[in-house]
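Biologist: I would like to learn how to read a model like this one. Please take me through it feature by feature.

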Amino acid sequence: MDTKVAVVTGASSGIGLSSAIALISKGYTVYDLSRRDFLHEKIKHIKCDVSVYESVQKAIDQVIKDSGRIDLLVTSAGFGVAGAVEFMDISDAKNQLDVNFFGTVNAVKAVLPYMRNKNKGRIICISSVAAAIPIPFQTYYSVSKAAINSFVLALSNEIKPFGVSICSVMPGDIKTGFTSSRKTDLSGNEIYENRIRRSVLVMENDEINGMSPDKVAVFITKLIEKRRVKPIYAIGLKYKLFVLLSIILPKKAVSAIVASLYAR
C-alpha cells in the first residue's frame, strides 16, 4: 500500500511540529511548508510563505511532483498580535489576517484540485477558542480565527460531493513558542490605564501554563481515522465547556465574563 502524504503548514514549531511528528508515527510522509529554514530528519521541508498564494501553489506542486499525492492538509501556520485596536498599526492587523486566515485559504485552494480529482482527502484547519470567545486586546487574532471557522463551515458544504472533508480545530491555551513570538503593541497603555499590559500578561500566563501541543497532535491523529468529521471541534474539557457556555449564555453575560478576565 502506498504511503499516505500529509502537508502541514507551520510544521517547524509548536502545534505544527507536534502534529507532523504524530503523523509520521502513523505512517505518513510529512511535508512542512514554512517560511523559516528548518531541518528535521523525518520531515520534508519546503520553504514557503503561506500568505503568498503563488508561493503555496509552487510548494504544493512540488509535493505532487515528489510524491504524486496529498491525502491530508493541516493548516497550523500562524502568529499573534496584541494591542488596542485604536492604536495598533493597520499593517499589523492586515499581516495577522494575511498569515492566519489567508494563509489557510491559500493552502486549501492549492490542495483542493488534487483532492477533488482523487475524490478523497481531509483538511484540518487550526483555529482557536478565541474564535468563539473573542479576546480584548487580541482582537485581530480572534477575528482571524473566527474567519477560519466561517470559512470551514461554508466550504464543507461546497466540497462534500467530491469526497473531501474539512474541519476546524479550536485549541485553548497551548504552551509553545507562540507566546514569545507574539507581536505586542503597548501604544496607548497609559490612556487605557494599564489594561493592555495587564491583559497581555494574563494571556501569556495562561499560555505558559497551558496544555502541551502534543495533545492537539493526538487529537488530530484521531480525526484522520474518523470516517466523517464535524465542522468544528474544541479541544479539552475546560475549553469545550467555555465554548458551550458562550453559546447558551446571553452574549452580555459572556462579554462580562471575558471583560473580568482580560479587560480589567
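Biologist: What radius of gyration would a compact globule with 264 residues have, and what does the protein have?

Modeller: The radius of gyration is taken over C-alpha atoms, and the globule rule is 2.2 Å times the number of residues to the power 0.38. For 264 residues that rule gives a value near 18 Å, and the protein has 18 Å, which agrees. Note that this is a predicted model, where local features need pLDDT of at least 70 and side-chain atom pairs count only at pLDDT 80 or more, while totals for chains, interfaces and linings use all residues. Residues are numbered from 1 along each chain as its sequence is written, and side-chain values use heavy atoms, with hydrogens and water left out.

Biologist: How many helices and strands are there?

Modeller: Both are DSSP runs numbered from the N terminus: helices are H or I, at least four residues, and strands are E, at least two. The protein has 11 helices and 9 strands.

Biologist: What percentage of the residues count as buried?

Modeller: Buried means under 20% relative accessible area, exposed over 50%, and partly exposed in between (1.4 Å probe, protein chains only). Here 51% of the 264 residues are buried.

Biologist: Which residues touch the most other members of the largest nonpolar core?

Modeller: A nonpolar core is a set of buried Ala, Val, Leu, Ile, Met, Phe, Trp, Tyr and Cys residues joined through side-chain atoms within 4.5 Å. The largest has 43 residues, and Leu23, Val30, Leu72, Val74, Ile124 and Leu223 touch the most other members. Helix H9 (residues 213–223) gives the most to this core, with 4 residues. Apart from it lies another core of 40 residues, including Cys48 and Val105.
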